[in-house]
Amino acid sequence: MEAKQLLQQRDWLYAKFITEDLKNSEISVLTGVSRKGVEYWLKKHGIKKFKAGYKYPINESKIDVTSPEFMYFVGLFIADGTMNRKNKRATIKIKDIEPLEAIKAYFETTVPITKIDDGYHNFNYELRLSSKTLTDYLGKLYTDNKTSDVVWPTAHNKDCFNMLFRGFIDGDGSVEIKSYASAYFRFGSASKNLIELFLCQYLIYYPTAVINRYKASLKSNKYFEHLELRNGFNHLVEVYQEHPAFAIKRKRDKIKLLIDDIVQTYGIINHKRWG
């Protein structure tokens with residue numbers, strides 16, 4: 001497809017103008033079309049930028065670090081979010097719509113969730129939240145402007161920690177269950193701050209966990225580390241049993257099937273009834 005024809009694809013133009021926050025002049029250079037031509041297609045597709053917090057405000061009282069649901073949002077944002085400091089906008093783009101619908105309802109906003117095609121028939125869902133208070137809080141998680149140097153937030157209690165952890169795993173991790181005694185989480189990060197602060201909190205709530213650390217060998221010699229957290233089957237249930245709306249459905253359904261198999265094999269587990 002020629003660059004000029006891309007302007008006729010609303011999803012492509014939306015991603016460049018809104019998600020990537022490119023200017024008309026930058027899209028003009030990218031496509032070889034004049035700025036007036038870019039403006040024509042933006043108007044034709046009905047794509048506009050609004051001032052932060054103007055058209056789709058959020059309930060800022062929901063920005064509450066003692067709320068497990070808010071901490072799920074924070075975990076998912078750390079894994080799959082981007083922030084525009086200038087426009088005071090936080091964006092999460094993932095393949096699954098369910099957690100975005102739950103987050104939208106939690107913040108009591110009418111902002112639409114956008115379905116985006118990357119041009120190869122791979123679809124993602126995007127939620128953009130405009131709020132100075134929210135972006136100010138999220139901005140404190142970064143030691144500089146690089147998203148690779150994010151820090152792990154302090155959780156108010158164990159429930160908040162589990163939801164923060166679940167959000168991060170939903171965005172950037174995996175879960176494996178082999179038996180009642182062998183269940184573990186895996187994830188990786190390019191932020192040493194995140195890894196170290198996460199482990200400090202994790203071991204407070206799960207001191208008996210077995211932790212395996214694998215440093216990736218990258219040609220650029222940049223830091224990257226994988227973690228494997230083994231703490232038994234009950235730990236997995238504890239992380240995933242509460243607040244069922246705030247989870248990626250396909251992951252939670254898979255885990256529920258595995259849990260049902262374990263329960264049938266080993267009997268009733270010593271925890272609250274699953275979801």
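In helix α6 (residues 98–106), the buried residues are P99, L100, A102, I103 and Y106; buried means under 20% relative accessible area with a 1.4 Å probe, protein chains only. Helices here are DSSP runs of H or I with at least four residues, and strands are E runs of at least two, numbered from the N terminus. The model is predicted, so local features need pLDDT of at least 70 and side-chain atom pairs pLDDT 80 or more, while totals for chains, interfaces and linings use all residues. Residue numbers start from 1 along each chain as its sequence is written, and side-chain values use heavy atoms, leaving out hydrogens and water.

**Exercise 1.** Work out what the buried residues of α6 pack against.

*Solution.* Start with the elements: they pack against α5 (68–80), β2 (89–94) and β4 (123–130). Then move just past α6, where E108 takes a positive phi of about 55°.

**Exercise 2.** Classify how α2 and α3 are oriented to each other.

*Solution.* First, take the axes, which are lines fitted to C-alpha atoms over the stretch in contact, with angles from 0 to 180 degrees between N-to-C directions. Those of α2 (residues 10–19) and α3 (residues 24–31) come within 10 Å and cross at roughly 135°. Next, apply the classes: under 35 degrees is roughly parallel, over 145 roughly antiparallel, 65 to 115 roughly perpendicular, and the rest oblique. α2 and α3 are therefore oblique. Finally, list the contact (heavy atoms within 4.5 Å): W12, L13, K16 and F17 of α2 meet N24, I27, L30 and T31 of α3.

Methods. Buried means under 20% relative accessible area, exposed over 50%, partly exposed in between (1.4 Å probe, protein chains only).
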